[in-house]
Every structure is written in C-alpha cells, then in structure tokens.
Amino acid sequence: MTDDQRAADEVWMDRAIARGGRGHPSPNPHVGAVVIGTDGALVAEGHHDRAGEPHAEVAALRVAGDKAQGGTLYVTLEPCNHVARTPKCTDAILASGIARVVIGCRDPNPTVPGAGVEALRAAGIEVLLGVRETAARRLIAPFTKFITTGIPYVSLKLALSLDGRIATRTGSSQWVTGSEARARVHVLRAAHDAVGVGIGTALADDPLLTVRAAPGRSPARVVFDTRLRLPLHSQLVRTARQVALWVICGPDAPEAHEDALVTSGAHVLRAPISPEGRVDASAALKLLASGGVVSILVEGGAELAGSMLAGRLADELHAFLAPILLGPRGRPGAVDWAGPTTPSEAPRVADPQWEVCGQDAHVFGPLVYPEHPDR
C-alpha cells in the first residue's frame, strides 16, 4: 500500500466515524459508512439511525446505487454476517459490486455467529481491517461494555466550584454553573439512554431531568433511592407517564410507597444493599441493562458519584468547573468516597479535553483506573 492510499483511507474513515455519531441506534452501536467511487471521489455516506432501520453500510449503498460498482466502502464496524432485525450487511455489499472494504474495528459482540471480514474475503473482496481502530472503538464504547459485561456505559457528570464543592454551606446548589454549561448537559442527556441521580439530589433540587435546552429526545430518568423516599408530588413522578421513570430501591423499602409510585407510572426495581448501606451500584446497573439501557449519564449527587468511582463503574467523566469559591465548609464535596491512598492510584481522565463553556470549563474524556501496587 502506498503512503497516499494509506492517507486517503484514514481521511475517509475519519469521515465515516464522524458520520457514525449521528442518530440514536441504541441498543445497537453507532456506525458510519462512506462509499468512494473508482475515481476516488465521494459517492455516498450513511449511518445507523435507529434500531431496526438499515445499517450504515446498507444506507450508504442504497444512496450510491450503481455508482458503488468497483468502488471502496469505508465502514467503522465490521459488517454483520447474520440475520437479525435486518438482513445481512455482507449480502448487500456483495450485491453492490463494491471491490474493496475498509473497516475500522471488529464487532465485539461475543454472541454474533459468523464473521463479516471472513465472509467478504471468501467472496473475493479486498478487505482492510483496523484503519483508525482506536477512534472506531471509541465510537462503539457504550455498546462494547454493554454487550460484553451486561453493565451500561456510565458517563459521570460533575458541576463543581474551583474548590471542589457542589453546594454552599446551606446546601444551595442552583446554580453552580452557568446557562451555557447547563445547555451542554442537556446535549449529553440526549445522547444517553438514561440519566440518573441519587435521592439526595432528587429531594434537594426536585429536578425534571428532561432535555429542554438542546435538540433531542429525553432519556429515561433513574433515581437511586435506597429507602424509597421519592415524593409522589415530585416533578419526576408527576411526569412519569410522559417520560419513563425508574426508581431503584433496596429490598426493605416500603411496599406501600412502591405501589403508589407504580400507580403513578413509575417502574420500581429492587437491588441488594452495599456494605455502605446504599443500593449496590453494580447490581442496579445490571438491572438497568436488562431493561435495555446501554448508556447512562449519572448527574449526581456526591454519594452516587462516589459509588460509581469506588466500584470502577464510571467510564467517562464530564466535569463542569465554575470560577467560583464556595468555601471549605461548603457541603457536600463533589464526590463522597474513601478515595485513593496516593495520587498515582487516582482515577484520571485519559487524554482530557478542555473547552470553554460560557464562563465555565468543561473537562471531559474516558476514565482510567490505575491498579494498586499490591494487585
């Protein structure tokens, strides 16, 4: 392969990855595809928009039509070679007359029968695997965790002051950050299947947790409520029939209140209790995954954030840092957990991105957890 061909492959795969971020295909992964003609020019592109609708490569090939003959297909994820809610993508590729397929990464689904790469190669199509693989895997990170572990991908959002506080000494937390940062949080909500808060946040703020300041649909709302204290008059319960509401409580929570919540339209799930006396975060997430939640944005509060970090369950961090000081006696801190013994053992954002968001800073990226020395 020449350097020019390698560079062109990377450029077109980058375009396919960018296209793949569109739509809301959950519980399927985000996938993008680009068709390039024999002259090296763009012919068509597509993405997987919704579960049950055409996959990205099929969508692009339908637009390309006869112009796909002899061309190259760039697709971020290995084409499927099995029949599910849609036909085999490999069949569509073979029928299109495509001569070369460039793939970002393999399908991580351990239950998928057959392999798209091998099927295409066996049919005489040139296949190149692993172009922009890191970025391609990043595109499907929520799906990969969900399909391989049975636990949703967790994005942890924090809004905090320069001295690491999320509320004043009186408990007031509205608003630590500005309107631009809050609007970006709505964008994040729309990109997830669910948004979750602890009962402390639900009681203190009476949030709605819907998408209002950005385009997109509202995800399911989740409250981690060990003793089942969520009031029936809360905004969450009063809107439970309009936007899904799941309340996760402990095994000993009052059944009478569960019945009242269910009558109001909420779904109540019971999970075991952790040694700290809270709903076990890992067990709760598995319950959500069994209900089809692939990704969840955890917005607060400090105890819930601490549980996600202590259990190494948070995969991505979005911290909105406001240029204010709330004081050493402000309560609570951003995260309530025992924490690492040394800075080297602290979870950290890999390749952090820093962006100005109004007067606040948005710091975000995937979380990594260093191993303890004695492990």
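This is a predicted model: local features need pLDDT of at least 70, side-chain atom pairs count only at pLDDT 80 or more; totals for chains, interfaces and linings use all residues.
Visitor: Why does Asp206 count as partly exposed?

Guide: Asp206 comes out at 29% relative accessibility. With a 1.4 Å probe and protein chains only, buried means under 20% relative accessible area, exposed means over 50%, and partly exposed is in between. Residues are numbered from 1 along each chain as its sequence is written, and side-chain values use heavy atoms, with hydrogens and water left out.

Visitor: What is the phi of Asp206?

Guide: Phi is near 45 degrees, a positive value in a residue other than glycine. Asp206 lies in the loop between helix H8 (199–205) and S8. Those names come from DSSP runs numbered from the N terminus: helices are H or I with at least four residues, strands are E with at least two. Leu209 is in the loop between H8 and S8 too, and also has a positive phi, of about 60 degrees, although it is not a glycine.

Visitor: Is Leu209 buried or exposed?

Guide: Its relative accessibility is 2%, so Leu209 counts as buried.

Visitor: And how do you know that Asp9 is buried?

Guide: Asp9 has a relative accessible area of 1%, so it falls under the limit for buried. Asp9 belongs to helix H1 (residues 3–20). Leaving out residues up to four places away in sequence, Asp9 touches Met1, Tyr74, Arg100, Val102, Leu128 and Val131; a contact means heavy atoms within 4.5 Å.

Visitor: Why is Glu345 called buried?

Guide: Its relative accessible area is 12%, so Glu345 is on the buried side of the cut-off. Glu345 is found in the loop between S12 and strand S13 (348–349).

Visitor: What does Phe320 touch?

Guide: Among its contacts beyond four places in sequence are Lys157, Leu158, Thr177, Arg184, Leu188 and His362. Phe320 is in strand S12 and is buried, with a relative accessible area of 0%.

Visitor: Which residues of helix H10 (residues 255–263) are buried?

Guide: They are His257, Glu258 and Leu261.

Visitor: What puts them on the same side of H10?

Guide: They cover an arc of only 105 degrees around the axis, which is why they share a side of H10. The arc is that of the directions from the helix axis to the C-beta atoms. As background, an α-helix has 3.6 residues a turn, so residues three or four places apart point the same way. On the other side of H10, Glu255, Ala256 and Thr263 are exposed. The buried residues pack against helix H9 (235–238) and strand S10 (267–270). Just after H10, Gly265 takes a positive phi of about 110 degrees.

Visitor: What makes a nonpolar core?

Guide: It's a set of buried Ala, Val, Leu, Ile, Met, Phe, Trp, Tyr and Cys residues joined through side-chain atoms within 4.5 Å. The largest one here has 34 residues, of which Leu288, Ile296 and Met308 touch the most other members. Elements giving it two or more residues include strand S9 (245–249), helix H11 (281–290) and helix H12 (302–310). H12 gives the most, with five residues. Apart from this core lies another, of 32 residues, among them Val31, Tyr74, Ile93 and Ile125.

Visitor: What is the volume of the second largest pocket?

Guide: About 970 Å³, taken as the space filled by probe spheres set on grid points that are joined across faces, edges and corners.

Visitor: What makes a set of points a pocket?

Guide: On a 1 Å grid over the protein atoms alone, a pocket is an open set with protein on both sides within 12 Å along at least five of seven lines, whereas in a cavity a 1.4 Å probe fits but cannot get out. Lining residues have an atom within 4 Å of a point. In this pocket 37 residues qualify, with Arg138, Pro142, Ala191, Glu316 and His318 nearest its centre.

Visitor: How do the residues of the lining divide?

Guide: Into 18 nonpolar, 13 polar and six charged. Ala, Val, Leu, Ile, Met, Phe, Trp, Tyr, Cys and Pro count as nonpolar, Asp, Glu, Lys and Arg as charged, and the others, Gly among them, as polar.
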